[in-house]
Number of protein chains: 2
Amino acid sequence: VSGVSRGVLLIVGLGPGGPDHRTAAAVRAVMEAEVVVGYGPYVDQCADLLDPAQEVVRGAMGEEGARADEALDRAAAGAVVALVSSGDAGVYGMAARTLARAASLADPPRVDVVPGVTAALAAGALLGAPFADDFAVLSLSDLHLEWPVVERRLLGVASSGIALALYNPRSKARTWQLDRVLALLVQVRGAATAVALVHDAGREAEAIERATLGTIDPERVTMRTLLVVAGESGRDVGPWLVALREAAPPVDPAPLRAEAST
Amino acid sequence: VSGVSRGVLLIVGLGPGGPDHRTAAAVRAVMEAEVVVGYGPYVDQCADLLDPAQEVVRGAMGEEGARADEALDRAAAGAVVALVSSGDAGVYGMAARTLARAASLADPPRVDVVPGVTAALAAGALLGAPFADDFAVLSLSDLHLEWPVVERRLLGVASSGIALALYNPRSKARTWQLDRVLALLVQVRGAATAVALVHDAGREAEAIERATLGTIDPERVTMRTLLVVAGESGRDVGPWLVALREAAPPVDPAPLRAEAST
């Protein structure tokens, strides 16, 4: 007779970099796991939490499916498993594909997702508050999605006037896409629109470059860059890029009214 | 002669609820502060970190400007100050207005923003991974922004086909706006589109209701609800709502290729 398995898989977002932006739930999930599974650099990102008694399964780039299956198999066999991702595992991380695979199993283990600080939020905090008045998170990768769909989404969102956080903006092998995106954005949003390149957001090497859609050098953008495009309400205030949710810039700053913070 | 002030203001996102989704940097910022400033319920949210030696300034709803000024004044006078917000302070929180006020000062103190897990990420993790293939964060509040702008942004984003996280969807005094939004979304995205009402995401009372754009009961939506609208790639897999970034649903699941996680 099969009893109720105590196995569980936690899909964990470690935050953008070091321990600073990691949540208490993520820390606990890694420390309490019997098996920690992840792409090598993400395992390194939580090395300070690991214990020799834990089993660590380091995966390679390009083996996401195998990694998800390994984590599910181990949990189904009764282990407490943490599958770690950088940032938030639900934002271009391991959560979606792993849940889809879990749902296809005859007898899936319990699976929970532990949210984390995604790169856009870390980059936004570094810049000031560019995402304080609506924003969209888009990936420019066409590895899994046909380019016309990427472009259609970009145009719809850009026309709305909100700020953009562009993930996976450019790689060594993927260069014309960003050129094309910048040309489209200039048409829709104007060459004077502020942009920021945030490299290694939340990591030790983090660095900011500021430009506009008209002056940005695409060669400066890499896979480690999050590209921020200011929304229609974005403006420079002192050293910061800030989006103010207001009908119009106040000439004489008026008392601000209540707004729910979430 | 005036020396270099050691005063600093940290604008801190506490995450969506209890200690679980709070980052290490947020915890440290609150514990190391001499003065903790915040809207009452947000101060309560970090009460476990407070020490009797700290000064706590609890603000009321509707006094956001005064609260920002108080925090800036205290930091300018040399204190280490934490201004706390729920979620991420840069997403409809206190960061934008406070930075704008800081920039208007002749001699502003140092101000840093500490990012946090925003409600959309906590709600997404509860539901599965609805934001894994591009998404937008929109507030439906027209308290500070004219309604036509809210509606124009919604239409642009909805037409792009990506998932939506709708903040401040409805309150006791603000009801027709959500009815209007749902009618627009049915037109653009179709009545069969999956939606989820996530109440008190990340808090003890958290609860999920699932529906579609055609079946949702707007009366169930309150100021404590985050409304999630599935994107074109969103689908139900087992108990989860998941967005799969794929050209088309695989008939026979193929090996998945590498994708950078952030």
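What volume does the second largest pocket have? In this predicted model, its volume is about 540 Å³. A pocket here is an open set of points on a 1 Å grid over the protein atoms alone, where a 1.4 Å probe fits, with protein on both sides within 12 Å along at least five of seven lines; lining residues have an atom within 4 Å of a point. Volume is the space filled by probe spheres set on the points, which are joined across faces, edges and corners.

Select A:Asp112, A:Val113, A:Val114, B:Asp20 and B:His21: of the 28 lining residues, these lie nearest the pocket centre. Next colour strand E5 (110-114) of chain A, which gives the largest share of the lining, 5 residues. Helices (H or I, at least four residues) and strands (E, at least two) are DSSP runs, numbered from the N terminus.

Move to chain B and show the open, mixed sheet E6-E13-E12; two strands pair if DSSP finds at least two bridges between them. E12(B) and E13 (residues 240-243) run antiparallel over 4 bridges, and B:Asp236 has B:Leu241 as its bridge partner.

Finally, colour by pLDDT, the predictor's confidence in each residue, from 0 to 100. Chain A has a mean of 92, but residues 249-262 of chain A fall below 50.

Residues are numbered from 1 along each chain as its sequence is written, and chains are lettered from A in the order in which they are written. Local features need pLDDT of at least 70, side-chain atom pairs count only at pLDDT 80 or more, totals for chains, interfaces and linings use all residues, and side-chain values use heavy atoms, leaving out hydrogens and water.

Definitions and conventions: Contact means heavy atoms within 4.5 Å.
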